[in-house]
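Q: Can you walk me through this model? I'd like the contacts and the packing, in short answers.

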Amino acid sequence: MKHLSLFFFILFLVSNANAQIDLSKFRRSTAVSATVDRQNLSLTWTSGPATKATLTLDLEKSHPLIKSIGITGPRGEKTIATGLDPAFVLTVGRRTLSPSSGGWDVFFDKVPDRPYHSYRVEFQKTRAEVSTSGSHTIIKIGELHAANFKGGLEITIYNGTALFNVAAVMSTKDDSTAILYDAGLVTPNPTFKNIAWADVTAKIQHQTADPGKESENLAVKYRTIIGENEKGSLAIFPAPHQFFYPLDEAFNLNFTWYGKNYHQLIPEFGLGIRQEPLGDKRYVPWFNAPPDTRQRLNFFCLIGADDAQGTLEEVKKFTHGDSYRPLPGYKTMESHFHNEFISKVVLAGKPIPEEPNFVKVFRATGVDIVHLAEFHGPGHPKGPDSLRLPELDALFKQCRRLSNSQFLLLPGEEANNFYGGHWLALFPKPVYWVMSRPGTTPFEEQDKTYGKLYHVGSSEEMLDLLKKEQGLAWTAHARTKASTGFPDAYKNEPFFLSETFLGAAWKALPADLSIPTLGQRVLRLMDDMNNWGLHKHIISECDIFSIEPENEMYAHLNVNYLRLDKLPDFDAGWQPVLDVMRRGDFFSTTGEVLIPSFTVNGRRSGETIKPNNVADVSFQLDWTFPMNFAEIVSGDGHQVYREHINLDITTPFGSQIFKRHIDLKGRKWVRLEAWDIAANGAFTQTIWIE
């Protein structure tokens, strides 16, 4: 009889006319419990030192799925919301997959210029399964259908936080598909008193939750919209980077909504997140949805016992308030910005602000060093000298004026001449050079106004200039955009093999909601270059244009943490910045995951170790969202190997040193990646094996 009871405890299956609730894969613990009462599934989990969160789901077909959301703490038990249904709108378009534009890695695509259609995702409560994975509890429910997509609903709760994720996990058999999605929680009878958000100036705003109000799209800060009542509040927000496919501009395109009749597809009153199909009206590639990939159309909810302002402050902690946390011994650097402040303001004769908006944005985001990419369109990189040299002079003077002991603004350009594809240049001091050498013009001369001056007319001369002035170059947006096919096409050229060529730059492009990381294009290139036997590095880049406080900047940014104790003085030159980059003594991140240390047999990124069959790997991770996994990536010159480390046991806001003994027999190199549950991540540079 004892064994029979145990059997039914492990394989607890409740059947009714509406659905089946399977608890056989769930592990009850002191942190989380799951109980079934007829058609109701109730989950309670530890959300803080003295609080527990509750979520009750109703599997009765005619009832809203979410019966109640609550939190219990020192002030008692509070029901925050009742009678809610998840709602999703899936927008389906067509992708161009021309190899000349990068195939699935394409950016130069304009999906909304071709026919597309939006569908409400239909939900059927056919079954429910609860399972445990580390500190996560996953509830899979029913079936979802929209157009040629099908799948199921997944709700994931995370121990240690009042956070849960709601996802429509769907796939299609169709090829060449690009998608967008909108999502949220809806109800015919709002239990929220107010809808609240922070406007683009970060000021909290409130509107009455009027069930008769037609839907409205809102530009908000922190990507969050909140339902509020006397008991507390519920915040809805997307993954801070994954939800935002790459664009040229970081415009705030009203990424949240509330009200009834959203998209003329959801008649109920609701609130949630959304995408603008037309994007920034330039190149608009949307998300890739290759055949048979499990696309996660997801959003996060955070339960708060406080008012909307208090809950928003809790949401902001996951992104350090949309800024990069200072890390002792490091300085943060961002690269590749076409702000064109020189052409549009300084040389246009407009008033020059004491502190331009773009500088305010970077400083507020915790960026110490910014590498510009001016004159990308405007400007005269090929001359004539009478126009080119004053442009460079204005750039150098403004960078000097705007730099100080806490902020370093570096002049730079996306040169796009001589080498093939697009590439960036960075010198350790102001250098006057023109990207052409007509007639008998000398390569190097002294100009009476500007001093040393270079005219460059070939790749050989470009390499000579970089050597003479100790500069660096690297491939911008490798293998996509105007760099499709690069650096592969010039990997054997002298300039690429030279130490003046750093490698390439990383950005989360393309976007694909089926993978647990942000992009794989450049990380694959990193492994390829390692296997080519070249000591190259990958620096993260942003590649966006206007930079304004009202923009959704953080979603499109990433940063490099350079191992520097202090910022160089502008007038003395910034050679230390280039030295760190050249050594590979840095890591790159979206901001939520940090890698303060990574060593293999005591050596850091960019350094070399002697061959050893078993290596001692040590790394520290700091994180906000719960971690998902880390991977120790290595190669033997031909093949790539991945040592996967499951980190789903972690809870939010942690820091830990991990140690592993890894078999590196026959390997030539090794590096590290780490990713959290929202696809935020960080990666190191390579450690070489002799």
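**Charges, rings, cores and a sheet**

A: The charged end of K481 sits over the ring of F107, 4.2 Å from the ring centre. The rule here is NZ of Lys or CZ of Arg within 6 Å of the ring centre and within 35 degrees of the ring normal.

Q: What lies over the face of F496?
A: K536 does, at 5.0 Å from the ring centre.

Q: What should I know about the source before going on?
A: This is a predicted model, where local features need pLDDT of at least 70, side-chain atom pairs count only at pLDDT 80 or more, and totals for chains, interfaces and linings use all residues. Residues are numbered from 1 along each chain as its sequence is written, and side-chain values use heavy atoms, with hydrogens and water left out.

Q: OK, aromatics. How many pairs?
A: The count comes to 37 aromatic pairs. Rings of Phe, Tyr and Trp (its six-membered ring) pair if their centres lie within 6.5 Å; planes under 30 degrees apart are stacked, over 60 edge-to-face, the rest tilted.

Q: How is the pair of Y324 and Y554 arranged?
A: Tilted, with 5.9 Å centre to centre and 40 degrees between the planes. Y324 is in the loop between helix 2 (308-316) and strand 23 (331-335), and Y554 is in helix 9 (residues 553-556), so the pair ties together parts 230 residues apart in sequence. Helices (H or I, at least four residues) and strands (E, at least two) are DSSP runs, numbered from the N terminus.

Q: Are Y324 and Y554 buried or exposed?
A: Both are buried. Buried means under 20% relative accessible area, exposed over 50%, partly exposed in between (1.4 Å probe, protein chains only).

Q: And what about Y419 and F501?
A: Their ring centres are 6.0 Å apart and their planes are at 50 degrees, so this pair is tilted. Y419 is in the loop between strand 26 (413-414) and strand 27 (423-426), while F501 is in strand 32 (residues 501-506), 82 residues apart. Y419 is buried at 5% relative accessibility, and F501 is buried at 2%.

Q: Which cluster are they in?
A: One aromatic cluster of Y419, W423, F486, Y490, F495, F496 and F501.

Q: In which sense do strand 26 and strand 27 pair?
A: Antiparallel, over 2 bridges. E413 stands opposite A425 in strand 27.

Q: Where is I538?
A: In strand 33 (residues 537-540). I538 is buried, at 0% relative accessibility. Beyond four places in sequence, I538 touches residues including W506, M526, F586 and F683. Contact means heavy atoms within 4.5 Å.

Q: Last one: which residues touch the most other members of the largest nonpolar core?
A: L41, L57, I155 and I303, out of 95 residues. Such a core is a set of buried Ala, Val, Leu, Ile, Met, Phe, Trp, Tyr and Cys residues joined through side-chain atoms within 4.5 Å. Another core lies apart from it, with 86 residues, among them F375, L502, V617 and I645.

Note on methods. Pairing = 2+ DSSP bridges.
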